[in-house]
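Please look over the sequence and the model before reading on.

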Amino acid sequence: MNAVTTSPSPDPEVDVVLPCLDESEALPWVLARIPPGWRALVVDNGSTDGSAELARALGATVVREKRRGFGAACHAGLTAATADIVCFCDCDASLDPSLLVPFVREVRDGGADLVLGRRRPRERGAWPAHARAGNAVLARMVRRRTGLRLRDLGPLRAARREPLLTLGLTDRRSGYPLQMVVRAADAGWRVTEHDVPYLPRTGASKVTGTWRGTWHAVRDMRRVLAEPPGAAPAAAPSPGGTTQ
């Protein structure tokens, strides 16, 4: 078992999974914006800049995931979570986790089963052209594969923990967020999308900072889209009990 929780926390209202690889510069800003009563689960994915120690000092619960990969870190956070509702947010200060409050309300009130944030850049350079191009291609592919008319596959999202676990997510690389959406759509979940401001990240991007990184991510996601409908476990019903 690779994931190890290294800091206890009382039962939280909401768990926020923050995959982290060398994000010590961004952590103070991100953790200061976690809503009261919510728990920050910082999943350290092999940082060498003291991110785990800093996160713990700032009051976060730290989960260590030795297996490298964005999906590996996200899933370690999901399995470590205990709250009814789990959120995901990048840990690079490009997205404000306080924006998740209406997402959680929508899930809790039964308006949606999975809520996603559509990134809207606030400054030039916040979202490089190659990353936007890759995202646009994937959005079209998702529409053809699932019928969902999404415009972004961003990392800011909220859903209930138990139904997420029933999706049987297996990707441990860049395809994890996409696999979550595809399998949720296949299971008949109600998926909604809302605009959120997108800021320039702090530090260097591990994925979308270069054309090569972007298209490696696209390759991972194309593999997810090649999964036939019904690839998820049979026990993955819509949390709301309705079908799209």
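What does the accessible surface of the chain come to, and what share of it belongs to carbon and sulfur atoms? In this predicted model, the accessible surface of the chain is about 10,800 Å², and carbon and sulfur atoms hold 52% of that area.

**The chain as a whole**
- The chain contains 8 helices and 8 strands.
- It has 244 residues, of which 54% count as buried.
- Counting contacts between residues at least 6 apart in sequence, 78% join residues at least 24 apart.

- D92 lies in the loop between β5 (85-88) and α4 (101-108).
- D92 counts as buried because its relative accessibility is 5%, and the cut-off for buried is under 20%.
- The side chain of D92 makes a polar contact with the side chain of S94, at 2.6 Å.
- With neighbours within four places in sequence left aside, D92 is in contact with E23, A26, R201 and T202.

**Cysteines**
- A search of the whole structure finds 0 disulfides.
- C89 is in no disulfide: the nearest cysteine sulfur belongs to C91 and is 7.7 Å away, whereas a disulfide requires two cysteine sulfur atoms within 2.5 Å.
- C89 has a relative accessible area of 1%, so C89 is buried.
- C74 is also buried, because its relative accessible area is 3%.

How values were computed
Residues numbered from 1 in each chain as written. Predicted model: local features only at pLDDT ≥ 70, side-chain atom pairs only at ≥ 80, totals over all residues. Heavy atoms only, no water. Helix = DSSP H or I, 4+ residues; strand = E, 2+ residues; numbered from the N terminus. Buried < 20%, exposed > 50% of the residue type's maximum accessible area, 1.4 Å probe, protein only. Polar contact = N/O pair within 3.5 Å; in protein donor to acceptor, adjacent residues only side chain to side chain. Contact = heavy atoms within 4.5 Å. Areas by Shrake-Rupley, 256 points an atom, 1.4 Å probe, with all protein chains shown as cover.
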